[in-house]
Amino acid sequence: MRNVMLNATMLLLICSLTAQAAETREQIYRIGADVDAQGHITATQVDPGVPISIAPVLASAVKQWQFVPAKLNGRSVPAHTFISAKLQALPNASGQYNLRISFAGNGPKFDRAGRQPPYPRDAVHRRQAAFVFINATVQPDGRLADMTVNSQFAEWPVSASFKDAALKIARTWHFIPEQVDGQPVATQVRIPMNFTLRDQILAPEQVKILREAARKESAMANAEVALPTVPLPSEQEVALDSPLQPNAVATIITAP
């Protein structure tokens, strides 16, 4: 029965997930996690949109991970966070697929779907691209405060119009905050944002910056990367001071 479930999982991943390299598919899912005062995950909440054959495999893997317990007034307390887990279907030597589940971060929950920033008119005219990040505080009520916008790359400055567009959309965003001992708490986050056009013009030095960033990211993940086209930076948000820090989050590889 277990092999049947895993084979169904592989088939769904192969058919529906984003292709990253030859026959390799991947997707990042967000899972709510209740963490006890010892740092163990006691319960998970998988989004309803996760395919039914993937959800139990995903939940089982996440429950194997552990965190440094959250603290309140010097004592360890239960907490709640949202874990980003990357699922990959990787071809193996036997012609089948292995399922790899790896930790990709944790923090407040945010769904950016359908909430893209307006593209600056001057940048459309010049066919310019930009890559920025927003540093902000997710308040206990889920709104963002203390927002600042900067370029993702020091050697690639961005215009004020891109920064204004990023701030305009960010003011409409809402997060689900993390909790400590049953109460929502503030968390510092960094949110990458890519401004790209189909007919954008990139200078050779800009292409070099993007390729080098992709190579560094793949090296940190201990993975190989193929760069047939110009790679774009990830837009995965990062919690900078989550009350729950990962302690044991080893990558899990399951063969059918």
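**View 1. Thr 81 and its polar partners.** The side chain of Thr 81 makes a polar contact with the side chain of Glu 178, at 2.6 Å. A polar contact here is a pair of N or O atoms within 3.5 Å; within protein, one must be able to donate a hydrogen and the other to accept it, and residues adjacent in sequence count only if both atoms are side-chain atoms. The Thr 81 side chain also reaches the backbone nitrogen of Gly 107, at 3.4 Å. This is a predicted model, in which local features need pLDDT of at least 70 and side-chain atom pairs count only at pLDDT 80 or more, while totals for chains, interfaces and linings use all residues. Residues are numbered from 1 along each chain as its sequence is written, and side-chain values use heavy atoms, with hydrogens and water left out.

You'll find Thr 81 in strand S7, residues 79–91. Helices (H or I, at least four residues) and strands (E, at least two) are DSSP runs, numbered from the N terminus. Thr 81 counts as buried because its relative accessibility is 0%; buried means under 20% relative accessible area, exposed over 50%, and partly exposed in between (1.4 Å probe, protein chains only). Leaving out residues up to four places away in sequence, Thr 81 touches several others, including Ile 31, Asn 106, Ser 242 and Leu 244. Contact means heavy atoms within 4.5 Å.

**View 2. An open sheet of 4 strands.** Follow the order S10-S9-S13-S14 and you have walked across this open, antiparallel sheet. The edge strands are S10 (144–151) and S14 (238–239), each pairing on one side only. Two strands pair if DSSP finds at least two bridges between them. S9 and S10 pair antiparallel over 6 bridges, and they form a hairpin with 5 residues between them. Gly 142, in the turn, has a positive phi of about 95 degrees. Over at S14, 2 bridges join that strand to S13 (residues 187–195), and Val 189 stands opposite Ala 239.

**View 3. Ser 151, in strand S10.** Ser 151 sits in S10, where it is the bridge partner of Val 132. Its relative accessible area is 18%, so Ser 151 is buried. A polar atom of the Ser 151 side chain lies 2.6 Å from the backbone oxygen of Trp 156. The backbone oxygen of Phe 153 is 2.9 Å from a polar atom of that Ser 151 side chain. With neighbours within four places in sequence set aside, Ser 151 is in contact with Phe 131, Val 132, Phe 133, Trp 156 and Val 158.

**View 4. Helix H4 across the sheet strands.** H4 (residues 160–170) lies across S9 (130–138), S10 and S13, running at about 155 degrees to S10. Axes are lines fitted to C-alpha atoms, for helices over the stretch in contact, and angles run from 0 to 180 degrees between N-to-C directions. The buried residues of H4 are Phe 162, Ala 165, Ala 166, Leu 167, Ile 169 and Ala 170. What covers them includes helix H3 (121–126), S9, S10 and S13.

**View 5. The whole chain.** Step back, and the secondary structure of the protein chain comes to 5 helices and 16 strands. Of its 256 residues, 41% count as buried. Among contacts between residues at least 6 apart in sequence, 71% join residues at least 24 apart.
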